[in-house]
Amino acid sequence: MNLRLLKKALLRLGFWCLIGVLLLYAVFPFYYAIVTSLKPSSALFEVSYWIANPDFSNYAAVLSQASFLRAIGNSLVVALCVVTLALFLSLTAAYALGRVKFRGRGTVLMMVLGVSMFPQVAVLSGLFEVIRALGLYNTSWALILSYTIFTLPFTVWVLTTFMGQLPHELEEAAIMDGASPWVTLTRVLLPLLWPALVTTGLLAFIAAWNEFLFALTFTLTDTQRTVPVAIALISGGSPHELPWGLLMAASVVVTVPLVILVLIFQRRIVSGLTAGALKG
Amino acid sequence: MIKLKLDNVNKQLGGARILRDVSLEIAAGEFVVFVGPSGCGKSTLLRLIAGLDSICGGDLLIDGRRVNDLEPRERGVGMVFQSYALYPHMSVYDNISFGLKLAKTEKTSLRERVLKTAQILQLDKLLQRKPKELSGGQRQRVAMGRAMAREPDILLFDEPLSNLDASLRVQMRNEIARLHDRLGSTMIYVTHDQVEAMTLADKIVVLNGGRVEQVGSPRELYERPASRFVAGFLGSPRMNFLPVRLQTPGETSLVNTLVWGITALPFDSTNLAAGTHLSLGIRPEHLSLKAAEGTAGVVVTAVEYLGSETYVHLDTRLEEPLICRCEVSAGWKAGDRVELLPDIDNLHLFAADGTALKRHPHAIETLPDGVLLSPARASAL
């Protein structure tokens, strides 16, 4: 009996140790970034793990830069456009792929999956040509287009899976009620897909928000840059100085909204990722 | 008046023939039940009528108009699904009014119609609830309300009661019957439950392997099944089948029954050869038992007590045991030896291909001294 209790206690201890390690691994870099951002540059290289006397000068400096604010605005516009566009396209695609039986459906799905395997670098030069040809270079549209291309395979797959799980009879009931495919999609299926839409939309948003390579390649001027590039290009007073405090403050400013978004939608995401089935 | 007519309707799905040359006429206001084992095509047939599946060959006519290529909403049919398929995010009111809204019904008459439908189905107090807040029977009623709201001429039911528990099923069955009386609309109902079929139907259509086996009133089907399949499908416990051999063909057949020796039966077997294997069908309630003396008769192997009646299983040394439905007071026990007395008016004789032999109307009169011949007398014939 005692042995069993001991075993149970040890198991629990091990479990929490593991969680501690995971937490440390995931959260510590972010935590240290916050700590650093709250130090004046003079105290930057003193190792300390606690925030002793917070100093907000870095934040003030970052937020007073017009180009940085502009970059946040650009990022927001780009990410929101990508989410809207990707969700609309993938929802309609998922309706066809998940609901309609047609020849070559499996092939299309495999192709969509295949496309998502290309590394960004592999298509970078080709995409650059395309964007030049379309006259989109150094505009937000270049980023919206390229991010949508890379987000779509994922969103299509996820939504197709969810769509496939909705009961068939629901759609047939709508048909009997005289609903067109568009009405069926928007008024019957869409309301049931909200959790899935929130999940995929959020993931698409994060991907677009954090993207660096395309943003660096397809934009040139300060007015068009997005946040990741803007942060990378923050420079100090001299070429030999990296302004860590500023960088960390900017990173925190950029990351915190994401964390908040995820926390808000956390429950939706979980229910979206697990429960797709619904009971009539 | 013929409301709906199926003319040699065929359905194929990936090479498999699901329905073969189904022809059927359904009168206005009739309650028709499609019944058959799973995979017999009954649900497919319903979906063809609804317009959810397309017809591969043949014609479907509603009010004399060919509707093969019309959309479901243009056919004037409403359907109740097995899983109800209510819109989970809409209230009862919205569920019922969805079709009306899509049909661009004017607002006041829409409200009126929804309220009227709700009243018929006793849903008045539940209109603002969501489907998840309803019980099984209430959901079932909402599903019916949704199908009824657009006032279709034909209502289709796809196994609507199979998700309910037994007592609720009986209750909903009665409600559907009452609904049919009140609305007077044509109803087509698919089920595999023969009790539902027998109690609800004006006309039963028995399907087997994509073919119509027999169409008729419940009573016709039960008392005069056209085939061994129909005979075995309707009735519980099912009809007993005894392998027999035709001794002398004729308007009255002499048949060697193994259990009763050679017996004269009122069936026309003129075009069959002597020696043909036939199968004799007897329903459990058409057998009566009498205590046998000594080692005569057959042995009771088991007795099932059901309260109102008992099922007595008998070992006849044939393929399957015979089942006899007896009164409880008879008090048979396993191990008893009994003699079997069939009710000659209610026997059925089936040819090897399963079709029922035609009953000879006057055969009984030609056999004045009883229905059974002793083996000795039969051999003298």
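## Strands and bridges

Two strands count as paired here if DSSP finds at least two bridges between them. Strands themselves are DSSP runs of E with at least two residues, helices are runs of H or I with at least four, and both are numbered from the N terminus. By that rule, β12 (residues 253-256) of chain B runs antiparallel to β13(B), joined to it by four bridges.

The model is predicted: local features need pLDDT of at least 70 and side-chain atom pairs count only at pLDDT 80 or more, while totals for chains, interfaces and linings use all residues. Residues are numbered from 1 along each chain as its sequence is written, with chains lettered from A and ligands numbered from 1 in the order in which they are written.

## The β12-β13 hairpin

Five residues sit between β12(B) and β13(B) in this hairpin, and Leu258(B) in the turn has a positive phi of about 65°. Across the pair, Leu254(B) has Ala264(B) as its bridge partner.

In a regular strand, side chains alternate between the two faces of the sheet. In β13 (residues 262-265) of chain B, Ile262(B) and Ala264(B) point one way, Thr263(B) and Leu265(B) the other, and all are buried (20 or more other C-beta atoms within 10 Å of the residue's own, with C-beta atoms placed from the backbone).

## A helix pair in chain A

Over in chain A, the axes of α4 (residues 105-115) and α6 (residues 140-165) come within 8 Å and cross at roughly 140°. Axes are lines fitted to C-alpha atoms, for helices over the stretch in contact, and angles run from 0 to 180 degrees between N-to-C directions.

Leu109(A), Val112(A), Leu113(A) and Val115(A) of α4(A) meet Pro153(A), Val156(A), Trp157(A) and Thr160(A) of α6(A), contact being C-beta atoms, placed from the backbone, within 7 Å.

Conventions. A residue is buried if 20 or more other C-beta atoms lie within 10 Å of its own, exposed if 12 or fewer, and partly exposed in between; C-beta atoms are placed from the backbone. Two residues are in contact if their C-beta atoms, placed from the backbone, lie within 7 Å.
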